[in-house]
Amino acid sequence: MTPPAIAVTGLGLVTPAGIGVDTTWRGLLAGVSTARTDPTLAGLPVDISCTVPDFQPAKHVGRRSRLIHDRFVQLAIVAAREAVADAGLDPSTWDGARVGCVIGCGLGGVSTWEQQHKALLSTGPDSVSALLIPMLVPNMIAGHLAMEFGATGPNFVTATACASGTTAIGCALQLLRDGTCDIVLTGGGEAGVSPLIVTGFAQMGALSRRLDEPAAASRPFDVRRDGFVIGEGSGILVLERETDARARGARVRAKLAGYGASADAHHMTAPDPDGVGVRKALRAALAMADVAPGDVDHVNAHGTSTPLNDAAEANVLHELFDGDTTVTSTKGVVGHALGAAGAIEAAVTVLTVESDTVPPTANLDSQDPAIDIDIVAKSPRSQRIDVAVSNSFGFGGQNAVLVFTVA
Amino acid sequence: MTTMYDKLVDLMVSRFDVDRAEIKPGITFEDLEMDSLFLVELLVVIQTDLGVKISEDTASPRDTIERAAELIEEQVASAATSS
């Protein structure tokens, strides 16, 4: 029996390019990086980041949000509300038992953790917040969405580092295919721009050191790329079986046709230079979607702007796809939102398929001569897109790939 | 002199985003949507402020603010006697 087709009926985005899908999409089409000097990182080896502008918890989430939600949860609540409204769903009338929440998160409430650790060391255990644990555990991001929407179906968080959001969407696809859920809210949320986490990434040598020129620091596939710029945000998708979505007259924005996952089993942080794992995940995703590599019109790359990732990823894309496949990296504009990155990029891939428009890769001034793929730079490109792929790769060697097709 | 009640009310407004206009005699923590976790957090903040150990089960969400203030004062007094 053919498995049921899965529809994307709602999108929500909170990114450094803005709060909301339309604002983020406009920012991506403009192709200007959002990276800037971050006063909260002053004095650290790397003091640049991409953060969500003008995010006010009391206004955007609600009164007392600051007391009970770490920022990674706040960003996801706002994105999820937009996605549910976009899908035209009314949580007061749906059968919550059939609604799941599967959200990717690589870190959890790291800012809360750091602040409370400071309190422990400076004023002792009696000053540690009773809300520390519920604010820091990563699974709370899915738990809060369940409470927000009365979604009592399967509820969990996936952690595959920078692939977490993509992994979550893949798991959500399975819950709909096998009939466990009728609706799944899925995606990712992350707020890792904290002094300790940024210092940790800096010490690894993963971050760009273009500190005097922050807006030029995130430059995926460019010959002068030297690391990623840390970002934050949330992307949430509402998924349903296509038959259910059409029956209720919902707008199908695109179809989620395939998911593939693999592990490099190679190194803690470096990608396998031969791309064996990446190729395996790509082939698995294409097989599930029942499309051949030659059918793929566009790839939203992981494209972090690190020397190793971009070279290894581009090699696989060059080998697997033909010259007509365009490639972009969203991270040039919004930086690398870690566990939320794959979810943000999945939502962007849906918009790309829907509009037949590829947003440009920011700062691609001079493509690395060792990279032979067609990367969209400078301005958006109009192109017919029936099949698009979104790649995500996590530290730990975890690879996850999604395939979206036109509605 | 600031009473314990005033101190509690000030903290609830400044740290827990409670609307001062909502606080009336006889109102409970529950009425103000402060559950047991919020109440424990309030006690954490108070004991840090006073430098006196306040037991985390000192008050319940069904207590009024006046009653919680009395219970905290009793603990402060007993801490003063025993030290």
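I take the radius of gyration over C-alpha atoms, and the globule rule is 2.2 Å times the number of residues to the power 0.38. For 83 residues a compact globule would have a value near 12 Å, and chain B has 12 Å, so the two agree. The C-alpha trace of chain B spans about 40 × 25 × 20 Å along its principal axes.

I note that this is a predicted model, in which local features need pLDDT of at least 70, side-chain atom pairs count only at pLDDT 80 or more, and totals for chains, interfaces and linings use all residues. Residues are numbered from 1 along each chain as its sequence is written, while chains are lettered from A and ligands numbered from 1 in the order in which they are written.

I looked up the secondary structure (DSSP runs numbered from the N terminus: helices are H or I of at least four residues, strands E of at least two). Chain B has three helices and zero strands, in the order α-α-α from the N terminus.

I then checked helix 1 (residues 4–16) against helix 2 (residues 36–50) of chain B: their axes come within 11 Å and cross at roughly 110°. Axes here are lines fitted to C-alpha atoms, for helices over the stretch in contact, with angles from 0 to 180 degrees between N-to-C directions. Helix 1 of chain B is therefore roughly perpendicular to helix 2 of chain B (65 to 115 degrees; under 35 is roughly parallel, over 145 roughly antiparallel, the rest oblique).
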